[in-house]
Amino acid sequence: MAELTMRIVYLHQYFKTPSMQGGTRSFEFARRLADEGYDVQMVTSDTSEDAPPGWTVEKVSGFTVHWLKVPYSNKQSFNRRIIAFLSFAVGAAHRSRSLRGDLIFATSTPLTIILPVLWASLFRSSPLVFEVRDLWPELPIAVGALRHPLAIALSRYLEKIAYKKADQIVALSPGMQSGILARGIPPDRVTVIPNSSDVDLFHPQVEPRDWSQDCPELVGKKVVLYGGTLGFINGVDYLAEVAAIVKDTHKDVAFLVIGDGSQQQQIAERARHLGVMDVNFFMRPAFTKNEMPSVLASCKVATSLFLPIPEMEANSANKFFDALAAGKPVIINYGGWQKNVLESAQAGMSVSASPQESATEIVQLLEDEDRLESMSRNSRHLAETVYSRDKLFLRLLSVLRSVLK
């Protein structure tokens, strides 16, 4: 148990519980920290339009959550999202400082999370652990979202401050670690703790979802799942292209897209144009984290998709680790560290960025039951032995305790 009930102020603008849509890394780590005896104060935002104004405080799974209403959606323009980032930074600065943490644990994105951290720790000796979920500003620059020289310069300055201020830095992938080290940060200040697998929530024995009511066309089909954000960088219309290629030759194969985002309408329009919408390509709104295990159980394989942007190869997508925990082969259409993991463990594969070539690769896998079964076992084994949330929490706990000495 933590000595003298040390307080951890945990800042994550887009914190989610399992009853919500989205990744629950911060929830799972916060509740485990509370179980260890720490007083965890989560400072976050309530992104819904109908949320009560100002701050709402509640107890969740043994820790305290401070919600600030800041409406946000992936469907917002980049400029609107920047406004949301700054609005939260201003509100969170005062709240975080008033909580007087013995340690501050801040997770990005967005990079503006460092602003309330600076105010909360001004003239105080509270150590900081900074978690890097995406390499900013490299990624928004690469996709063209961040273009103005002044905005780029400001982002690089915030990145520099965050890395300099942090006593320890947590990177979610080896690629992110390399990007941080390239900024001159000593290796002993950077620890890789990737997104992790909730092996108790997701597992191969979960009862598959019954699609007979809301999507009967999926019943009896070999389902290829994409479950996640439908943003520009995800390029999920790629899956509609694959569906069009196999539509007439492999009628037992179906593609299911679950999620919301800025490209939702565009993907649907592309699928309709290709003649696959509600034929062998289906779209459904995002499910909560607690609902996703049965969805994954009803599918043959799961996918994680991105546009061919080199900076995206450092990603650590939640959907990748959920699929491993569910014992599903994982198909990705990019390279990098996840490709190496899948190939080394034989738990999935990286397919071509060309829909035509990947269609052949996916169908060949779906028709090979022995290979599917082997990959499924390997996925679950990888989740249990390498990426279990419990195992990776112990690594995080070690990092936090190292700065509390």
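# Notebook: salt bridges, helices and cores

**Entry 1. Asp252 and Lys222**

I began with Asp252, which counts as partly exposed at 32% relative accessibility. I note here that the model is predicted. Next I looked for a charged partner. Asp252 forms a salt bridge with Lys222, and the closest N and O atoms are 3.5 Å apart. Asp252 sits in the loop between helix H7 (237-246) and strand E10 (253-258), while Lys222 is in strand E9 (residues 222-227), so the pair ties together parts that are 30 residues apart in sequence. Is Lys222 buried or exposed? Lys222 counts as buried, at 19% relative accessibility. The cut-off for buried is under 20% relative accessible area.

**Entry 2. Lys289 and Asp322**

I then took a second pair. Lys289 forms a salt bridge with Asp322, with 3.0 Å between the closest N and O atoms. Lys289 lies in the loop between strand E11 (281-284) and helix H9 (292-297), and Asp322 lies in helix H10, so this pair ties together parts that are 33 residues apart in sequence. I checked burial for both partners. Lys289 and Asp322 are both buried.

**Entry 3. Arg32 and Asp390**

I ran the search over the whole structure. It finds 17 salt bridges. One I wrote down is Arg32 with Asp390, where the closest N and O atoms are 2.8 Å apart. This pair links distant parts of the chain: Arg32 is in helix H1 (residues 25-35) and Asp390 in helix H14, 358 residues apart. Arg32 counts as buried, at 11% relative accessibility. Asp390 is partly exposed, with a relative accessible area of 41%.

**Entry 4. Helix H10**

I went back to H10, the helix that holds Asp322. How many residues of H10 are buried? I find 7 of its 8 residues buried, so H10 is largely enclosed by the rest of the structure. The buried ones are Lys319, Phe320, Phe321, Asp322, Ala323, Leu324 and Ala325. Just after H10, Gly327 takes a positive phi of about 70 degrees.

**Entry 5. Helix H11**

In H11 (residues 337-345), the buried residues are Trp337, Gln338, Val341 and Leu342. Seen down the helix axis, these buried residues fall within an arc of 135 degrees, so they line one face of H11. Their cover includes helix H6 (174-181), helix H10 (318-325), strand E13 (330-332), strand E14 (348-350) and helix H13 (369-385).

**Entry 6. Nonpolar cores**

I turned to the nonpolar cores. Which residues touch the most other members of the largest core? Among its 65 residues, they are Phe63 and Leu324. The largest share of this core, 8 residues, comes from helix H14 (residues 389-404). A second, separate core has 35 residues, including Leu11, Tyr14, Phe88 and Ala162.

I listed the contacts of Leu324, leaving aside neighbours within four places in sequence. Leu324 is in contact with Ser197, Val330, Leu342, Ala347, Ser379, Arg380, Leu382, Ala383 and Tyr387. Leu342 in that list is one of the buried residues of H11.

**Entry 7. Leu404**

Leu404 is found in helix H14. At 17% relative accessibility, I log Leu404 as buried. Not counting residues up to four places away in sequence, Leu404 touches Met6, Tyr38, Asp102 and Leu103. I also checked the distance to Ala30. Leu404 and Ala30 are 374 residues apart in sequence and 17 Å apart in space, C-alpha to C-alpha.

**Entry 8. Surface patch**

Last, I looked at the surface. Trp119, Leu122 and Phe123 form a nonpolar patch there. Together they have about 360 Å² of accessible area. Where is Leu122 found? I place Leu122 in the loop between helix H3 (114-120) and strand E6 (128-132). Leu122 is partly exposed, with a relative accessible area of 31%. A patch residue needs over 30% relative accessible area.

Key:
Residues numbered from 1 in each chain as written. Predicted model: local features only at pLDDT ≥ 70, side-chain atom pairs only at ≥ 80, totals over all residues. Heavy atoms only, no water. Buried < 20%, exposed > 50% of the residue type's maximum accessible area, 1.4 Å probe, protein only. Helix = DSSP H or I, 4+ residues; strand = E, 2+ residues; numbered from the N terminus. Arc of directions from axis to C-beta. Contact = heavy atoms within 4.5 Å. Patch = residues over 30% accessible without salt bridge, like charges linked within 9 Å, V, L, I, M, F, W, Y side chains within 5 Å. Areas by Shrake-Rupley, 256 points an atom, 1.4 Å probe, with all protein chains shown as cover. Salt bridge = Lys/Arg side-chain N within 4 Å of Asp/Glu carboxyl O. Core = buried A, V, L, I, M, F, W, Y, C linked by side-chain atoms within 4.5 Å.
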